[in-house]
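Please look over the sequence and the structure shown below before reading on.

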Amino acid sequence: MLIRVLAAGLHPRVRSGAAGTHHTSDQTLPLIPGFDGVGRTPEGTRVFFSGLRAPNGSMAEFVAVPASQLVPLPEGVDDVMVAGAMNPAMSAWLALTHRAELKPGECVLILGATGNAGQMAVQLARLLGAGTITAAGRNAHTLAGLPALGADHTAALTAADDTIAARLAETAANADVVVDYLWGHLTEVALAGLSNARTDPATRLRWVHVGAMAGPNITLPGATLRKANIDFRGSGQGSVPPIEMHTAHRELVDRLPTADLTIETLAIPLSEVGTAWATNTPTGTRIVLLP
(Lines give C-alpha, C1' and ligand atoms only; values in the text may rest on other atoms or scores of the structure.)
Protein backbone atom coordinates (compact mmCIF):
# COMPACT_ATOMS: atom_id res chain seq x y z
CA MET A 1 0.00 0.00 0.00
CA LEU A 2 1.33 3.43 -0.92
CA ILE A 3 1.59 5.46 2.28
CA ARG A 4 2.01 9.24 2.44
CA VAL A 5 4.72 9.77 5.06
CA LEU A 6 3.86 12.26 7.80
CA ALA A 7 6.88 11.79 10.09
CA ALA A 8 9.94 9.55 10.16
CA GLY A 9 12.41 9.06 12.99
CA LEU A 10 16.16 9.38 12.51
CA HIS A 11 17.49 6.91 15.06
CA PRO A 12 20.50 4.58 15.38
CA ARG A 13 18.74 1.76 13.49
CA VAL A 14 18.32 4.12 10.54
CA ARG A 15 21.93 5.26 10.65
CA SER A 16 23.33 1.72 10.87
CA GLY A 17 21.08 0.60 8.01
CA ALA A 18 22.26 3.47 5.83
CA ALA A 19 25.88 2.74 6.72
CA GLY A 20 25.46 -0.96 5.91
CA THR A 21 26.56 -1.96 9.42
CA HIS A 22 23.25 -3.31 10.73
CA HIS A 23 23.10 -7.10 10.89
CA THR A 24 20.22 -7.17 8.39
CA SER A 25 22.06 -5.08 5.78
CA ASP A 26 23.28 -6.57 2.48
CA GLN A 27 25.19 -3.32 1.79
CA THR A 28 23.47 -2.85 -1.57
CA LEU A 29 23.11 0.68 -2.94
CA PRO A 30 21.17 2.75 -3.75
CA LEU A 31 18.71 2.74 -0.86
CA ILE A 32 16.35 5.17 0.82
CA PRO A 33 17.13 5.49 4.56
CA GLY A 34 14.38 5.09 7.13
CA PHE A 35 13.06 2.07 9.02
CA ASP A 36 9.67 3.22 10.31
CA GLY A 37 7.35 6.17 10.54
CA VAL A 38 3.87 7.60 10.72
CA GLY A 39 1.82 7.95 7.57
CA ARG A 40 -1.63 8.11 6.02
CA THR A 41 -3.28 5.51 3.80
CA PRO A 42 -5.06 6.44 0.56
CA GLU A 43 -8.31 6.13 2.55
CA GLY A 44 -7.07 8.69 5.09
CA THR A 45 -6.28 6.38 8.03
CA ARG A 46 -3.28 7.41 10.15
CA VAL A 47 -0.95 4.46 10.65
CA PHE A 48 2.38 3.51 12.17
CA PHE A 49 4.59 1.29 10.03
CA SER A 50 7.91 -0.42 10.68
CA GLY A 51 10.24 -3.13 9.41
CA LEU A 52 10.98 -1.55 6.03
CA ARG A 53 13.60 -3.38 4.00
CA ALA A 54 16.12 -1.66 1.73
CA PRO A 55 15.85 -0.13 -0.79
CA ASN A 56 12.50 1.13 0.58
CA GLY A 57 12.77 3.68 3.38
CA SER A 58 10.62 6.20 5.21
CA MET A 59 12.71 9.28 4.43
CA ALA A 60 10.46 10.09 1.49
CA GLU A 61 7.12 11.66 0.68
CA PHE A 62 5.63 8.25 -0.13
CA VAL A 63 6.68 4.68 0.67
CA ALA A 64 5.24 1.30 -0.31
CA VAL A 65 4.50 -0.72 2.83
CA PRO A 66 3.06 -4.26 3.07
CA ALA A 67 -0.50 -3.87 4.35
CA SER A 68 0.23 -6.47 7.04
CA GLN A 69 2.74 -4.09 8.64
CA LEU A 70 0.35 -1.17 9.12
CA VAL A 71 -0.92 -0.40 12.62
CA PRO A 72 -3.79 2.13 12.85
CA LEU A 73 -3.04 4.92 15.32
CA PRO A 74 -5.54 5.92 18.01
CA GLU A 75 -6.82 9.47 18.21
CA GLY A 76 -4.96 11.86 20.46
CA VAL A 77 -1.40 10.72 19.79
CA ASP A 78 0.92 13.14 18.02
CA ASP A 79 2.66 12.16 14.75
CA VAL A 80 6.06 13.51 15.83
CA MET A 81 5.90 11.88 19.26
CA VAL A 82 5.03 8.49 17.74
CA ALA A 83 7.76 8.73 15.09
CA GLY A 84 10.33 9.66 17.72
CA ALA A 85 9.24 7.30 20.48
CA MET A 86 8.14 4.07 18.83
CA ASN A 87 11.56 2.75 17.84
CA PRO A 88 13.22 3.06 21.26
CA ALA A 89 9.97 2.15 23.04
CA MET A 90 9.51 -0.89 20.82
CA SER A 91 12.99 -2.18 21.60
CA ALA A 92 12.16 -1.96 25.30
CA TRP A 93 8.63 -3.35 24.98
CA LEU A 94 9.79 -6.34 22.92
CA ALA A 95 12.61 -7.11 25.34
CA LEU A 96 10.47 -6.81 28.47
CA THR A 97 7.29 -8.52 27.28
CA HIS A 98 8.06 -10.96 24.48
CA ARG A 99 11.66 -11.93 25.27
CA ALA A 100 11.88 -11.62 29.08
CA GLU A 101 8.15 -12.22 29.67
CA LEU A 102 8.28 -9.84 32.66
CA LYS A 103 5.71 -10.49 35.35
CA PRO A 104 4.36 -7.90 37.81
CA GLY A 105 6.53 -7.65 40.91
CA GLU A 106 9.70 -8.94 39.24
CA CYS A 107 12.92 -6.95 39.54
CA VAL A 108 14.61 -5.41 36.51
CA LEU A 109 18.11 -4.12 35.78
CA ILE A 110 18.52 -1.89 32.72
CA LEU A 111 22.06 -1.55 31.42
CA GLY A 112 22.32 1.55 29.25
CA ALA A 113 19.37 3.27 30.87
CA THR A 114 20.55 6.77 29.95
CA GLY A 115 20.02 6.27 26.20
CA ASN A 116 16.70 6.84 24.44
CA ALA A 117 15.73 3.18 24.50
CA GLY A 118 17.02 2.72 28.05
CA GLN A 119 14.86 5.57 29.30
CA MET A 120 11.87 3.98 27.57
CA ALA A 121 12.74 0.67 29.24
CA VAL A 122 12.59 2.34 32.67
CA GLN A 123 9.17 3.82 31.93
CA LEU A 124 7.72 0.66 30.41
CA ALA A 125 9.06 -1.59 33.17
CA ARG A 126 7.22 0.63 35.65
CA LEU A 127 4.10 0.57 33.47
CA LEU A 128 4.25 -3.24 33.40
CA GLY A 129 4.38 -3.42 37.20
CA ALA A 130 8.03 -4.25 37.84
CA GLY A 131 8.86 -4.58 41.53
CA THR A 132 12.26 -2.87 41.69
CA ILE A 133 13.98 -1.13 38.78
CA THR A 134 17.72 -0.44 38.77
CA ALA A 135 18.82 1.95 36.02
CA ALA A 136 22.51 1.83 35.13
CA GLY A 137 24.12 4.21 32.66
CA ARG A 138 27.06 6.38 31.71
CA ASN A 139 25.49 9.86 31.39
CA ALA A 140 25.47 11.35 34.89
CA HIS A 141 23.01 14.14 34.09
CA THR A 142 20.45 11.78 32.54
CA LEU A 143 20.99 9.19 35.25
CA ALA A 144 20.02 11.74 37.90
CA GLY A 145 16.63 12.20 36.25
CA LEU A 146 15.70 8.52 35.95
CA PRO A 147 14.02 8.19 39.38
CA ALA A 148 11.41 10.62 38.06
CA LEU A 149 10.73 8.18 35.23
CA GLY A 150 10.32 5.22 37.58
CA ALA A 151 13.76 3.96 38.60
CA ASP A 152 14.12 2.85 42.23
CA HIS A 153 17.93 2.73 42.14
CA THR A 154 20.61 4.11 39.84
CA ALA A 155 24.15 2.95 39.18
CA ALA A 156 26.83 5.00 37.43
CA LEU A 157 28.84 2.97 34.92
CA THR A 158 31.74 5.40 34.80
CA ALA A 159 33.52 4.25 37.98
CA ALA A 160 36.16 1.55 38.43
CA ASP A 161 35.05 -1.99 37.59
CA ASP A 162 35.02 -3.10 41.23
CA THR A 163 32.86 -0.13 42.19
CA ILE A 164 30.39 -0.80 39.39
CA ALA A 165 30.16 -4.49 40.26
CA ALA A 166 29.63 -3.69 43.93
CA ARG A 167 26.88 -1.14 43.20
CA LEU A 168 25.03 -3.56 40.91
CA ALA A 169 25.39 -6.32 43.48
CA GLU A 170 23.91 -3.98 46.07
CA THR A 171 20.90 -2.86 44.01
CA ALA A 172 20.21 -5.69 41.57
CA ALA A 173 21.79 -8.91 42.85
CA ASN A 174 18.44 -10.71 42.75
CA ALA A 175 17.13 -9.22 39.53
CA ASP A 176 14.81 -11.41 37.50
CA VAL A 177 15.42 -9.60 34.21
CA VAL A 178 18.32 -7.67 32.70
CA VAL A 179 17.69 -5.54 29.60
CA ASP A 180 21.13 -4.91 28.13
CA TYR A 181 21.75 -2.12 25.62
CA LEU A 182 25.52 -2.05 26.22
CA TRP A 183 27.28 -5.43 25.91
CA GLY A 184 31.08 -5.31 25.75
CA HIS A 185 33.23 -4.94 28.87
CA LEU A 186 30.46 -3.34 30.94
CA THR A 187 28.32 -6.44 30.50
CA GLU A 188 31.25 -8.56 31.70
CA VAL A 189 31.51 -6.39 34.82
CA ALA A 190 27.76 -6.56 35.45
CA LEU A 191 27.70 -10.33 34.95
CA ALA A 192 30.46 -10.81 37.48
CA GLY A 193 28.78 -8.52 40.00
CA LEU A 194 25.39 -10.19 39.78
CA SER A 195 26.45 -13.82 39.45
CA ASN A 196 28.64 -13.57 42.56
CA ALA A 197 25.98 -11.90 44.70
CA ARG A 198 22.70 -13.72 44.03
CA THR A 199 20.98 -14.99 47.18
CA ASP A 200 19.80 -18.10 45.36
CA PRO A 201 22.02 -18.75 42.31
CA ALA A 202 19.50 -21.30 41.00
CA THR A 203 16.80 -18.63 40.56
CA ARG A 204 16.63 -17.95 36.83
CA LEU A 205 17.93 -14.61 35.54
CA ARG A 206 16.67 -13.71 32.04
CA TRP A 207 19.39 -11.63 30.37
CA VAL A 208 18.10 -9.95 27.19
CA HIS A 209 20.71 -8.53 24.82
CA VAL A 210 19.26 -5.65 22.79
CA GLY A 211 22.18 -3.39 21.83
CA ALA A 212 25.94 -3.18 21.76
CA MET A 213 26.66 0.47 22.54
CA ALA A 214 29.70 -0.43 24.65
CA GLY A 215 31.15 -3.15 22.43
CA PRO A 216 30.20 -5.96 20.02
CA ASN A 217 31.60 -8.90 22.00
CA ILE A 218 32.04 -10.24 25.52
CA THR A 219 34.24 -12.85 27.14
CA LEU A 220 32.01 -15.26 29.04
CA PRO A 221 33.73 -17.55 31.56
CA GLY A 222 32.18 -21.01 31.60
CA ALA A 223 32.12 -20.90 35.39
CA THR A 224 29.58 -18.05 35.24
CA LEU A 225 27.07 -20.35 33.57
CA ARG A 226 27.75 -23.16 36.03
CA LYS A 227 27.43 -21.15 39.22
CA ALA A 228 24.27 -19.18 38.35
CA ASN A 229 21.12 -19.91 36.35
CA ILE A 230 21.44 -17.28 33.62
CA ASP A 231 19.29 -17.48 30.50
CA PHE A 232 20.78 -15.40 27.66
CA ARG A 233 18.63 -14.35 24.72
CA GLY A 234 18.66 -11.65 22.06
CA SER A 235 15.88 -9.30 21.03
CA GLY A 236 15.52 -7.80 17.58
CA GLN A 237 15.02 -8.54 13.90
CA GLY A 238 15.76 -12.20 13.30
CA SER A 239 15.34 -13.41 16.88
CA VAL A 240 11.64 -12.50 16.85
CA PRO A 241 9.28 -13.77 14.10
CA PRO A 242 7.71 -11.00 11.98
CA ILE A 243 4.17 -11.88 13.09
CA GLU A 244 5.20 -11.60 16.74
CA MET A 245 6.92 -8.28 16.01
CA HIS A 246 3.70 -6.98 14.46
CA THR A 247 1.73 -8.15 17.49
CA ALA A 248 4.14 -6.27 19.76
CA HIS A 249 3.70 -3.11 17.68
CA ARG A 250 -0.09 -3.32 18.09
CA GLU A 251 0.26 -3.89 21.84
CA LEU A 252 2.48 -0.86 22.25
CA VAL A 253 0.40 1.41 20.02
CA ASP A 254 -2.69 0.50 22.06
CA ARG A 255 -0.85 1.67 25.18
CA LEU A 256 0.26 5.02 23.79
CA PRO A 257 -2.79 7.13 24.75
CA THR A 258 -2.39 6.27 28.45
CA ALA A 259 1.30 5.36 28.77
CA ASP A 260 2.44 9.00 29.16
CA LEU A 261 5.88 8.20 27.75
CA THR A 262 8.46 10.96 28.05
CA ILE A 263 10.73 11.72 25.09
CA GLU A 264 12.17 14.91 23.65
CA THR A 265 11.87 15.33 19.88
CA LEU A 266 13.40 17.73 17.37
CA ALA A 267 11.31 18.07 14.20
CA ILE A 268 13.25 19.01 11.05
CA PRO A 269 11.92 19.29 7.46
CA LEU A 270 13.00 16.40 5.23
CA SER A 271 14.36 19.01 2.81
CA GLU A 272 17.04 19.71 5.46
CA VAL A 273 18.01 16.06 5.88
CA GLY A 274 21.71 16.81 5.45
CA THR A 275 21.63 19.20 8.39
CA ALA A 276 19.50 16.77 10.40
CA TRP A 277 21.88 13.87 9.79
CA ALA A 278 24.84 15.88 11.08
CA THR A 279 23.02 17.37 14.09
CA ASN A 280 24.23 16.19 17.50
CA THR A 281 21.27 16.09 19.86
CA PRO A 282 21.34 15.77 23.65
CA THR A 283 20.86 12.31 25.13
CA GLY A 284 17.18 11.49 25.17
CA THR A 285 16.28 13.63 22.12
CA ARG A 286 15.17 12.10 18.85
CA ILE A 287 15.23 13.81 15.45
CA VAL A 288 12.03 13.43 13.43
CA LEU A 289 11.93 14.30 9.74
CA LEU A 290 8.82 15.88 8.26
CA PRO A 291 8.31 15.53 4.46
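In this predicted model, histidine 98 has a relative accessibility of 16%, and because buried means under 20%, histidine 98 counts as buried. Histidine 98 is part of helix α2, and when residues up to four places away in sequence are left aside, its contacts are Trp93, Glu244, Thr247, Ala248 and Glu251. Two glutamates in that list also meet the histidine through polar contacts between side chains, as the table sets out.

| Side chain | Partner side chain | Polar contact |
|---|---|---|
| histidine 98 | glutamate 244 | 2.9 Å |
| histidine 98 | glutamate 251 | 2.9 Å |

**The nonpolar cores**

Which residues touch the most other members of the largest nonpolar core? They are Val82, Leu96, Ile110 and Leu124, within a core that counts 51 residues. At least two residues of this core come from each of α2 (79–99), β6 (108–111), α3 (116–127), β7 (133–137), β9 (177–180) and α8 (242–259), and α2 makes the largest contribution, giving 12 residues.

**The six-stranded sheet**

An open sheet is built from six strands, which pair in the parallel sense and follow the order β8-β7-β6-β9-β10-β11. At its edges stand β8 (153–156) and β11 (230–234), each of which pairs on one side only, and from one strand to the next the twist averages 15°. Within this sheet, four bridges join β6 and β7 in parallel pairing, and leucine 111 has as its bridge partner alanine 136 in β7. Helix α3 packs on the sheet, where it touches both β6 and β7, and its direction makes about 180° with that of β7.

**Helix α3**

The 12 residues of α3 reach 17 Å from the first C-alpha to the last, which is close to the 16 Å expected at 1.5 Å a residue. Is this helix mostly covered or mostly uncovered? It is mostly covered, with 10 of its 12 residues buried, and the buried ones include Asn116, Gly118, Met120 and Leu124. The buried residues of α3 pack against several elements, namely α2, β6, β7, α4 (140–145), α8 and β13 (285–290). After the helix comes glycine 129, which has a positive phi, near 90°.

**Strand β13 and its partners**

Five of the six residues of β13 are buried, so this strand is largely enclosed by the rest of the structure. With strand β1 (residues 2–10), β13 pairs in the antiparallel sense over three bridges, and there leucine 10 stands opposite isoleucine 287 of β13. With strand β12 (residues 264–269), β13 runs parallel, and six bridges join the two; here leucine 266 has isoleucine 287 in β13 as its bridge partner. Strands of a sheet pair through backbone hydrogen bonds, either parallel or antiparallel.

Definitions and conventions:
Residues numbered from 1 in each chain as written. Predicted model: local features only at pLDDT ≥ 70, side-chain atom pairs only at ≥ 80, totals over all residues. Heavy atoms only, no water. Core = buried A, V, L, I, M, F, W, Y, C linked by side-chain atoms within 4.5 Å. Buried < 20%, exposed > 50% of the residue type's maximum accessible area, 1.4 Å probe, protein only. Pairing = 2+ DSSP bridges. Axes fitted to C-alpha atoms, helices over the stretch in contact; angles between N-to-C directions. Contact = heavy atoms within 4.5 Å. Polar contact = N/O pair within 3.5 Å; in protein donor to acceptor, adjacent residues only side chain to side chain. Expected span 1.5 Å × (residues − 1).
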